[in-house]
Amino acid sequence: MKIYVDAFSGEEIVSDSFNMEEKFEGVIGEVQSQDIVKGALNVDVGAGGHFGGKNEDEEDAGVDDQAQKVNNIIDAFKYAETQFTKADYVTYFKTYAKKVKAYLEANKPNRVAPFQKGAGEFIKWVSANFNDLQFYCPESYDMENHIVLGYYKEGQAAPAFVYILDGLKEVKM
């Protein structure tokens, strides 16, 4: 399994357990998330109350085991939603793109040109779709490093998440 961590903070952002589609010259990775039910696990092995379970006619013994609907990626990586105006996001992205470019020049010089081209295409896409986007910080709420974008694709009940791949490092587990 591979975990993708922020190249600057080392914080876990996403893993390869989610199918990722590359876009914009391989600069962007997109993952479709799912809403899942967490908690309230009720396992019936067909033995009724013989092994400490309750009989069908018994009431719950005060246990509060509530099912909760969560997004699998937000829950796994502890994203926190944040807000940006279009101007604020463009300012953030310009600063972050300079940081990524410097990182690539030092570590992956062959990725600099594709990154610059793909980043330009990406920011145009962001501008055109800005009102449909949601913004997420990783668990540390570090606003200077990787910000994850989410949006709902047509026909999907859960958002797709967008990652700047050149700002991530692969860590094998």
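Predicted model: local features only at pLDDT ≥ 70, side-chain atom pairs only at ≥ 80, totals over all residues.
Colleague: How many helices and strands does the protein chain have, and in what order do the elements run?

Modeller: The protein chain has three helices and 11 strands, and from the N terminus on the elements run β-β-β-β-β-β-α-β-α-α-β-β-β-β. Of its 173 residues, 38% count as buried, and among the contacts with a separation of 6 or more, 71% are between residues 24 or more positions apart.

Colleague: Why is Tyr 103 called buried?

Modeller: Tyr 103, which lies in helix H2 (residues 86-107), has a relative accessibility of 14%. The label buried is given under 20%, so Tyr 103 at 14% counts as buried. Leaving aside residues up to four places away in sequence, Tyr 103 touches Ala 7, Phe 8, Lys 108, Asp 166 and Lys 169.

Colleague: How far apart are Tyr 103 and Phe 8 in sequence and in space?

Modeller: Tyr 103 and Phe 8 are 95 residues apart in sequence, while their C-alpha atoms are 8.9 Å apart in space. Phe 8 is also one of the residues that Tyr 103 touches, and a contact requires heavy atoms within 4.5 Å.

Colleague: Why does Gln 68 count as partly exposed?

Modeller: The relative accessibility of Gln 68 is 47%, and partly exposed covers what lies in between the limits of under 20% for buried and over 50% for exposed, so Gln 68 at 47% counts as partly exposed. Gln 68 has its place in strand S6 (residues 68-71) and touches Ile 36, Val 37 and Lys 38, when residues up to four places away in sequence are not counted. Between Gln 68 and Asp 35 there are 33 residues of separation in sequence and 10.0 Å in space, taken from C-alpha to C-alpha.

Colleague: What makes strand S2 and S11 edge strands?

Modeller: They belong to an open sheet of three strands in the order S2-S1-S11, with antiparallel pairing. Strand S2 (12-15) and S11 each have a single partner strand, so one side of each has no neighbour in the sheet, and that is what places them at the edges. From one strand to the next, the twist in this sheet averages 30°.

Colleague: How do you know that strand S1 and S11 are paired?

Modeller: Two strands pair if there are at least two bridges between them, and strand S1 (residues 2-6) is joined to S11 by five bridges, with the two strands running antiparallel. Within S11, Lys 169 is the bridge partner of Val 5.

Colleague: What is the strand order of the sheet of six strands, and which are its edge strands?

Modeller: This open sheet has the order S3-S4-S10-S9-S8-S7, and its pairing is antiparallel. Strand S3 (20-23) and strand S7 (80-82) are the edge strands, since each pairs on one side only. The twist here averages 35° from one strand to the next. Helix H3 (residues 112-129) packs on the sheet, touching strand S4 (28-32), S9 and strand S10 (160-164), and the direction of H3 makes about 145° with that of S10.

Colleague: Which bridges connect S9 with strand S8 and with S10?

Modeller: Strand S8 (residues 134-137) and strand S9 (residues 148-151) run antiparallel and are joined by three bridges. Tyr 136 has Val 148 as its bridge partner in S9, and Gln 134 has Gly 150. S9 and S10 also pair in the antiparallel sense over three bridges, with Gly 150 standing opposite Phe 161 in S10.

Colleague: What makes both faces of S9 count as covered?

Modeller: Val 148 and Gly 150 on one side of S9, and Leu 149 and Tyr 151 on the other, are all buried.

Colleague: What kinds of residue line the second largest pocket?

Modeller: The lining divides into four nonpolar, one polar and six charged residues. Lining residues include Tyr 4, Met 20, Gly 26, Arg 111 and Glu 170; Tyr and Met count as nonpolar, Gly as polar, and Arg and Glu as charged. S3 and strand S11 (168-172) are the elements that give two or more residues to this lining, and the largest share, three residues, comes from S11. About 230 Å³ of space lies in this pocket.

Note on methods: Residues numbered from 1 in each chain as written. Heavy atoms only, no water. Helix = DSSP H or I, 4+ residues; strand = E, 2+ residues; numbered from the N terminus. Axes fitted to C-alpha atoms, helices over the stretch in contact; angles between N-to-C directions. 1 Å grid on protein atoms, 1.4 Å probe; cavity = no way out; pocket = protein on both sides within 12 Å on 5 of 7 lines; lining within 4 Å. Points joined across faces, edges and corners; volume = space filled by probe spheres on them. Buried < 20%, exposed > 50% of the residue type's maximum accessible area, 1.4 Å probe, protein only.
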